[in-house]
Amino acid sequence: MSNIGIKAKAISTAAFLALAANCLSQAPTLAPTASYSAIVEQQGRATLMVDGQPYFLLGAQVDNSSGWPTRLDAVWPAAKALRLNTLEVPVYWEQMEPAKGKFDFTVVDSLLEQASANGVHLVLLWFGTWKNGKMHYVPEWVKSDPVTYPRMISKTGVPIDVLSPNSAANLDADRTAFTALMHHLKAADPRHTVLMMQVENESGSLGLVRDFSPPAQKIFDAPVPADLMRALHKSGPASGQATWSQVFGPDADETFAAWSVSRYINAVAAAGKQELPLPMYVNNWLKSPRAFPVSTVPGDDYPSGGPTVNMFPVWKAMAPAIDLLAPDIYVPNSERYRAVMRDFHQPGNPLLIPESLGFEPFPGATGYARYLYFALGDGAVGFANFGLDRLLLTTPLNQEMTAVVNGFALLGSFTGELAALKFAGKLQTAVEEEGISQKELAFSADGAPVQLDGANSAPASPASAAWRVIVSFPPAYDPPAAPVSTTSDTTGLHEGRAVVASLGPNQFLVAGIDCRVQFALPVHAGGKQAQMLKVEEGHYEGAKWIPTRLWNGDETDYGLNFGGKGSLLRVTMGSY
C-alpha cells in the first residue's frame, strides 16, 4: 500500500488506558503529541500505529445527522460506558462551505474540543460528493447549478441526484473543500485528535449503473486507459485500441463506473494528504447488502462504481492514495458476516470495519455482540458499531444490548495491551456459534498461536502446541459452573466470547464473557498434568498490571468461569 509508514499524532497509551479504567469519571484532556498515525503491516499482521504504539480502534459511529455539537452532548456518556477510544463523526460539505470559497469550521472545531475533553480520538467522515450513493450532502450552491456541476444522465437524457464523477468541475469543487478541511485540521488539531479520514461515504451511484452523459459516453467509447489495462493484466483486440465493452463485456458499465469514481476519490484524498498525511479509507455498501448468495444489480441493489469486492482490482489500481477499502457490514448471520471479513481482509488491505450493526434492533439479526470479537480474532485494525445515539442508557437495556455493552467495555479496559498483543501475533479469540459448544485454541512455547486441524473445535493436539486452551459455552459445562462466577443475564443469547493471549512462557492474559476457559497440556505430554499456579483478576493502568484479587476454589476448580459482564485475568500455568 502506498502510504504505509505515515505517522499521526494521538493520545498516549497511558492517558487513554487511565480513561478506560475509570470510564465513568471525568475524562482527561488529550495532550499535544508529536507524530502522525500510520497503518503498518508486518508479517501478515496489521495495526493502526498511534504515537509509536499499536492501537486497536474500538469505536462507534454516530447517526448521519449527529455531527453537531448539541447532538454529541448526548453521545459522550454512552462512549464512556462502552470505554471507546474512538468516535466516528461526519463532517458535512454543505455546512462547511455554505457559499463557494467561504468556509465555516466552527462545527469541526467544536468536535475537536469535545473529543479532546472526553479523552476520545476521532475518525472524521467526509460527506462530500457521495453519501450512500447520492449527492444529498453537497452544498446548496452545487445542487442549484447543474450546468456548472453536472449530474449523472441516463441513456434517455434524464438526470439523477448523483453528481457525475466524470466532471472536472465536480472534482475540483470537492477537492478544494476537502483540502481546505485538511489544511484547517493541520493548524487546529495540535493534539491530533483525528486519527483517520473516511473520504466520501458509500460512494458510487444509485439509480444508474454509470453516467451516460455525452462527455462520459465519449470516454466510454474510447480505448480503455493503458494504465488500467496493465494493472488488470488485460489485453484487447488491438494494443491501445480496446474499448470498455470489448475488454470487460457485460461488466463494462460497472467497471467504467468504478474507474471513474476511484480516480475522482483518489484525487480528493491525494490533495488532502498534501496538507495533512493521515491514513485515509473508503467504506463500502456491500455488493450483496445482506451477503446472501444472490445476483444483484449495480445501481439498483448497491451503488455502482463503489469499492465492492468485485471492483477491488480497479480501486487498488486507480486509488493509491486510499489506504483501505473497508466494508460496512449489516449482515444478520455470523457465517456470512465472517465471509465478508474474509473478502476484504486481503494482502495490502488490512481489515477495518467502520460500520456494523449493533446499537439498534435489526430485522433477522441476533447474536451481533459477537461480531466485534470475530473481527478482533481476524486481525482487524478497528471496529465500530453504527448509531451510538441509539444506545439509551437512561432506559433498561434488553439482553442483546446488554451483551453489546459488556463486550465493548471488557475490551475497552485493556485496549493498549490488546493492540500490542494482537500486532505481535500473540492473541486468539474463541466465539460461540450455533451448534458448536466448544472451541479449542493452541499456543506454542514461544506464545505464537498454533493452527488447529479441522474446524477449530476440540479435541486437538498439534505437535507444536505447548498449551491447549479449551473454551466451552453454556450449557455445555460439565460439571456445571459455580453459580457465584457465572451469574449472567445473557447466557441465553449464546454469545460467549473469549480472548486469550500469551504474555510469556506459561503466562496468559484471558478475558471472557459467558464461557468457561480451561488450560491443558498436549495429549501426548508424557504423563504430565497441568496446574494453575496463579490466577489474578485485575486491570491495567497504562502498561502496568494492577491485581485486585486471586481466583481459586469455585472460580477455578473446573476451569475459569466467566459471567455476563466478563473479567480480565492473568493466568500462570505449570505442570507436575
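Student: How much space lies in the largest pocket?

Tutor: About 850 Å³ of it. R338, G377, D378, G379 and T429 are the closest to the centre, out of 33 residues that line this pocket. "Pocket" here comes from a 1 Å grid over the protein atoms alone: an open set of points where a 1.4 Å probe fits, with protein on both sides within 12 Å along at least five of seven lines; lining residues have an atom within 4 Å of a point. Points are joined across faces, edges and corners, and the volume is the space filled by probe spheres set on them.

Student: Before I go on, what kind of model is this?

Tutor: It's a predicted model: local features need pLDDT of at least 70 and side-chain atom pairs count only at pLDDT 80 or more, while totals for chains, interfaces and linings use all residues. Numbering starts from 1 along each chain as its sequence is written, and side-chain values use heavy atoms, with hydrogens and water left out.

Student: Fine. Which element supplies the largest share of the pocket lining?

Tutor: Strand β14, with five residues. β2 (45–50), α13 (334–344), α14 (371–377), β14 (427–431) and β15 (438–443) each give at least two. Those labels are DSSP runs numbered from the N terminus: helices are H or I of at least four residues, strands E of at least two.

Student: Switching topic. How many helices and strands does the protein have?

Tutor: 17 helices and 23 strands. Eight of the strands close into a barrel, with parallel pairing, in the order β4-β5-β6-β9-β10-β11-β12-β13. On average, neighbouring strands there are turned by 30° against each other, direction ignored. Two strands pair if DSSP finds at least two bridges between them.

Student: Where does β4 meet β13?

Tutor: β4 covers residues 57–61 and β13 covers 382–386; five bridges join the two, running parallel. Within that pairing, A60 stands opposite N385. Helix α15 (residues 399–412) lies across both strands, at about 145° to β4. That angle is between N-to-C directions, on a 0 to 180 degrees scale, with axes fitted to C-alpha atoms, for helices over the stretch in contact.

Student: What about D63, where is it?

Tutor: In the loop between β4 and α2 (69–72). D63 has a relative accessible area of 14%, so it counts as buried. The cut-offs, with a 1.4 Å probe and protein chains only: buried is under 20%, exposed over 50%, partly exposed in between. Neighbours within four places aside, D63 is in contact (heavy atoms within 4.5 Å) with P90, F386, G387, D389 and R390.

Student: Now L421. Which helix is it in?

Tutor: α16, residues 415–423. Eight of the nine residues in α16 are buried, and L421 is among them because its relative accessible area is 8%. After α16 comes G425, with a positive phi near 75°.

Student: What does L421 touch?

Tutor: Not counting residues up to four places away, L421 touches K426, L427, A501, S502, L503 and L509. L509 is 88 residues along the chain from L421, with 9.7 Å between their C-alpha atoms.

Student: And L509, what does it stand opposite?

Tutor: R570 in β23. Six bridges join β18 (residues 507–513) to β23, antiparallel. β20 (residues 530–541) is also antiparallel to β23, through seven bridges, and there V535 stands opposite V571. In β23 (residues 567–575), seven of nine residues are buried.

Student: Last one: what share of the whole protein is buried?

Tutor: 60% of the 576 residues.
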